[in-house]
Amino acid sequence: MPPKIFLLSPASTGGIRAKQFTSPNANFEAARMYRSPEGVPIAMAFAFMSSLYFRGKIGYAMHFAQPSPAVGDHGVYIIAPGFGLVPPDWRVTPERMKIMSRTPVDVATRAYRKPLEEHARALANKLEPDAQVVLLGSVASGKYVDILWPVFQHRLRFPAAFAGLGDMSRGGLMLRAVRANRELECTTLDAPRHRTSGDGKIPEGW
C-alpha cells in the first residue's frame with residue numbers, strides 16, 4: 001500500500017476548554033503535565049481543548065496512517081500555529097501555548113503561514129510520488145488548503161463524508177470508523193476548493 005500521511009487541523013486555544021486546561025488550579029493529568037518542565041503531548045492537549053472532534057481525528061489518523069520509510073515513524077502531523085507541522089508527541093509548554101494562542105490561523109499571518117509552508121514542503125520533498133496526504137480539517141476557507149494544496153497538489157485528500165457535518169458529527173464518524181476498521185472514502189482537492197450548494201453558499205461543515 002502507498003504511504004498515507006494525515007495532517008490534523010489544530011484545536012482552538014482561545015475557547016472555554018482551553019482556559020480550563022491552562023488554569024493554574026486545574027488538577028487533571030493533562031493540565032498537570034502541561035505545567036511540568038517537560039510539557040504535555042500536543043495530541044493530549046488538543047484532545048481536551050477540542051473534545052470529541054480532535055479525539056476522533058487523532059484516533060482515526062493513528063489507526064489508519066501508513067508511515068513512509070522516507071520520513072520515519074511519523075504518519076501523523078498536527079498543525080501547531082506558529083510552529084508548523086509537529087508530531088503527536090510534540091510537547092506543549094506554557095511558553096509554546098502563548099505562541100500558539102497569539103498566532104492567528106490565517107494565511108495572511110506570516111508567523112502562521114511560513115513555518116507551515118516550510119514543513120509541508122520538506123515533507124512533500126521526502127514523500128513518494130504515490131503517497132497520499134489526508135487533511136482532517138476544514139476546506140471551506142483557505143486557512144489550510146491555500147498553503148497545503150500548492151505543496152501537495154493531487155496527493156492532498158479530504159474525507160468526502162465530512163461534507164455538511166459539524167465538528168461533533170465528524171468526530172463521532174471517525175471514532176465509529178475506527179471501531180469498524182473501515183476507512184472513510186477520500187476525495188482529491190483538485191476540484192474547486194470552495195464547494196457550494198445550489199444557492200451558491202458553502203455548505204456548513206466544509
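Contact here means heavy atoms within 4.5 Å. The structure is a predicted model, in which local features need pLDDT of at least 70, side-chain atom pairs count only at pLDDT 80 or more, and totals for chains, interfaces and linings use all residues. Residues are numbered from 1 along each chain as its sequence is written, and side-chain values use heavy atoms, with hydrogens and water left out.

Ser-68 sits in the loop between α4 and β3. Helices (H or I, at least four residues) and strands (E, at least two) are DSSP runs, numbered from the N terminus. Leaving aside neighbours within four places in sequence, Ser-68 is in contact with Pro-3, Ile-5, Leu-127 and Glu-128. The C-alpha atoms of Ser-68 and Leu-127 are separated by 6.9 Å. Along the chain these two residues are 59 residues apart. Ser-68 is buried, with a relative accessible area of 0%. Buried means under 20% relative accessible area, exposed over 50%, and partly exposed in between (1.4 Å probe, protein chains only).

The largest nonpolar core has 64 residues. Such a core is a set of buried Ala, Val, Leu, Ile, Met, Phe, Trp, Tyr and Cys residues joined through side-chain atoms within 4.5 Å. Leu-7 and Phe-152 have the most contacts inside this core. Helix α3 (residues 42–50) gives the most to the core, with seven residues. Neighbours within four places in sequence aside, Leu-7 is in contact with Tyr-77, Leu-85, Leu-123, Val-133, Val-134, Leu-135, Leu-136, Leu-148 and Phe-152.

Phe-152 belongs to helix α7 (residues 142–152) and is buried there, as are Gly-142, Tyr-144, Val-145, Ile-147, Leu-148 and Val-151. An α-helix has 3.6 residues a turn, so residues three or four places apart point the same way. The cover over the buried residues of α7 includes strands β1 (4–8), β3 (76–80), β6 (132–136) and β7 (156–159), together with helix α6 (110–126).

The axes of α6 and α7 come within 9 Å and cross at roughly 30°. Axes are lines fitted to C-alpha atoms, for helices over the stretch in contact, and angles run from 0 to 180 degrees between N-to-C directions. The angle makes α6 roughly parallel to α7. Angles under 35 degrees count as roughly parallel, over 145 as roughly antiparallel, 65 to 115 as roughly perpendicular and the rest as oblique. The crossing of α6 and α7 is right-handed. A crossing is left-handed if the near helix is turned anticlockwise from the far one by less than a right angle, and right-handed if clockwise. From α6, the contact is made by Tyr-112, Arg-113, Leu-116, Glu-117, Ala-120, Arg-121, Leu-123 and Ala-124. From α7, Lys-143, Tyr-144, Ile-147, Leu-148, Val-151 and Phe-152 take part. By class, this contact of α6 with α7 has ten nonpolar, no polar and four charged residues. Ala, Val, Leu, Ile, Met, Phe, Trp, Tyr, Cys and Pro count as nonpolar, Asp, Glu, Lys and Arg as charged, and the others, Gly among them, as polar.

Helix α4 (residues 52–64) packs against helix α8 (residues 167–180) at an angle of about 30°, with their axes 7 Å apart. That makes α4 roughly parallel to α8. The crossing of α4 past α8 is left-handed. On α4, the contact residues include Gly-56, Gly-59, Tyr-60 and Phe-64. On α8, they include Gly-171, Gly-172, Met-174 and Val-178. The contact of α4 with α8 has nine nonpolar, five polar and four charged residues.

Helix α4 also meets α3; their axes come within 6 Å and cross at roughly 145°. Ala-43, Phe-46, Ala-47 and Ser-50 in α3 meet Leu-52, Tyr-53, Phe-54, Arg-55 and Ile-58 in α4. The contact of α3 with α4 divides into seven nonpolar residues, one polar and one charged.

Gln-153 follows α7, with phi near 50°. Its place is in the loop between α7 and β7. Gln-153 is partly exposed, with a relative accessible area of 43%. Asn-181 has phi near 55° and is found in the loop between α8 and β8 (186–188). Asn-181 is exposed, with a relative accessible area of 55%.

Ala-163 lies in the loop between β7 and α8. Ala-163 is partly exposed, at a relative accessible area of 32%. Ala-163 and Leu-8 are 155 residues apart in sequence and 17 Å apart in space, C-alpha to C-alpha.
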